[in-house]
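Keep the viewer open as you read and look at each spot in turn.

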Amino acid sequence: MVSADKTLSWSYTQDFLAEDEATAQARMRGLELGIIPVSTGTGAALRMLAGSVGAKSVAEVGTGTGVSGLWLLAGMGPDGVLTTIDVEPEVQREARHAFDAAGYPTSRIRIIQGRASDVMPRMAARSYDMVVLDVDPQESAYLAGDALRMLRIGGVLAVTRALWNDHVADPARRDAATVAARELGKAMRDSDALLTTLLPVGDGLLVAVRQA
Ligand SMILES: C[S@@+](CC[C@H](N)C(=O)[O-])C[C@H]1O[C@@H](n2cnc3c(N)ncnc32)[C@H](O)[C@@H]1O
């Protein structure tokens with residue numbers, strides 16, 4: 001049973017935490033460049049997840065202008081390192097500017113320019129406390145195997161946009177991106193190696209802890 005107030009509650013959770021100035025600037029720059037940054041609610045959830053696993057090593061696909069990266073850095077310990085991958089150098093320049101403006105030393109951020117499917121296979125196995133996929137569902141589905149390989153046992157995989165514009169819950173929607181999001185959710189839910197949940201924050205956040 002969904003009450004009529006559900007949308008109001010969802011908006012309330014989205015705005016439950018305020019964004020700092022550097023993150024708000026990065027968001028504005030992203031929107032100017034046609035990038036869709038993670039929502040404030042999603043950013044806050046990523047920060048909490050990074051903090052909950054004591055993340056010292058986080059990998060992210062989809063740097064954008066740095067909104068999700070800033071939230072992740074805020075959740076990591078003071079010696080935590082964020083590795084962030086994006087195919088677009090122009091948005092990564094903006095992200096670097098945002099990380100500098102927020103006062104993070106360059107030693108805490110590794111920005112890798114390239115296509116994730118080329119970069120991730122070269123990244124170390126079982127070495128990351130958290131991996132975040134913030135790309136479209138077909139890319140996420142393709143990259144999930146590598147993301148899981150990179151995670152240590154007890155590490156967290158977070159996949160954004162998992163409800164894909166609210167299409168995933170509608171069985172009549174059969175476009176490729178929606179099907180990919182739906183299938184990835186089911187595969188992670190049914191995996192014995194993962195403890196998975198699908199959170200309705202933002203456009204859906206699919207989260208799993210690697211158990212084996
Ligand atoms: C939704 S935006 C990321 C927004 C960012 N996480 C934020 O919150 O500011 C997705 C980004 O992923 C990048 N991208 C898409 N597919 C990619 C791929 N296969 N490998 C690397 N980067 C990719 C795009 O260039 C884009 O900047």
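1. Which elements do the buried residues of α4 pack against? Before the answer, a quick caution: what you see is a predicted model. Now the list: the buried residues of α4 pack against α2, α3 (40-52), β1 (57-61), β2, α5 and β4 (128-133). That makes α4 (67-75) a handy place to begin.

2. How covered is α4 itself? Mostly: eight of its nine residues are buried. If you want to click through them, the buried ones are Val67, Ser68, Gly69, Leu70, Trp71, Leu72, Leu73 and Gly75.

3. Let's stay with Val67, which sits in helix α4. Is it buried or exposed? Val67 has 32 other C-beta atoms within 10 Å, and 20 or more is what it takes to count, so Val67 is buried. Setting aside its neighbours within four places in sequence, Val67 is in contact with Thr23, Ala26, Arg27, Gly30, Pro37, Val38 and Gly43. Another pair to look at is Val67 and Thr40: they are 27 residues apart in sequence, yet 8.9 Å apart in space, C-alpha to C-alpha.

4. Val67 turns up again at the ligand. The ligand is surrounded by 23 residues, and the closest are Gly62, Gly64, Val67, Ser68 and Ala116. Three elements, α4, β2 (81-86) and α6 (116-119), each supply at least two residues of this shell. By class, the shell around the ligand has eleven nonpolar, seven polar and five charged residues.

5. Next, have a look at how α2 and α5 sit together. Helix α2 covers residues 21-32 and helix α5 covers residues 89-101; they pack at an angle of about 165 degrees, with their axes 9 Å apart. Angles over 145 degrees count as roughly antiparallel, and α2 and α5 are therefore roughly antiparallel to each other. Their crossing is right-handed. On the α2 side the contact involves Ala22, Gln25, Ala26 and Arg29, which meet Glu94, Ala98 and Ala101 in α5. The residues of this contact are four nonpolar, one polar and two charged.

6. Helix α7 (residues 137-150) packs with helix α8 (residues 176-190) at an angle of about 35 degrees, and their axes are 7 Å apart. The crossing of α7 and α8 is left-handed. From α7 come Pro137, Gln138, Ser140, Ala141 and Ala144, and they meet Ala176, Ala177, Ala180, Ala181, Glu183 and Leu184 in α8. Sorted by class, this contact has eight nonpolar, two polar and one charged residues.

7. Phi of Asn165 is near 55 degrees, a positive value in a residue other than glycine. Asp166 isn't a glycine either, and its phi is positive at about 65 degrees.

Conventions
Residues numbered from 1 in each chain as written. Predicted model: local features only at pLDDT ≥ 70, side-chain atom pairs only at ≥ 80, totals over all residues. Near = placed C-beta within 6 Å. Helix = DSSP H or I, 4+ residues; strand = E, 2+ residues; numbered from the N terminus. Nonpolar A, V, L, I, M, F, W, Y, C, P; charged D, E, K, R; others polar. Axes fitted to C-alpha atoms, helices over the stretch in contact; angles between N-to-C directions. Parallel < 35°, antiparallel > 145°, perpendicular 65-115°, else oblique. Left-handed = near helix turned anticlockwise from the far one by under 90°. Contact = placed C-beta atoms within 7 Å. Buried ≥ 20, exposed ≤ 12 C-beta atoms within 10 Å, placed from the backbone.
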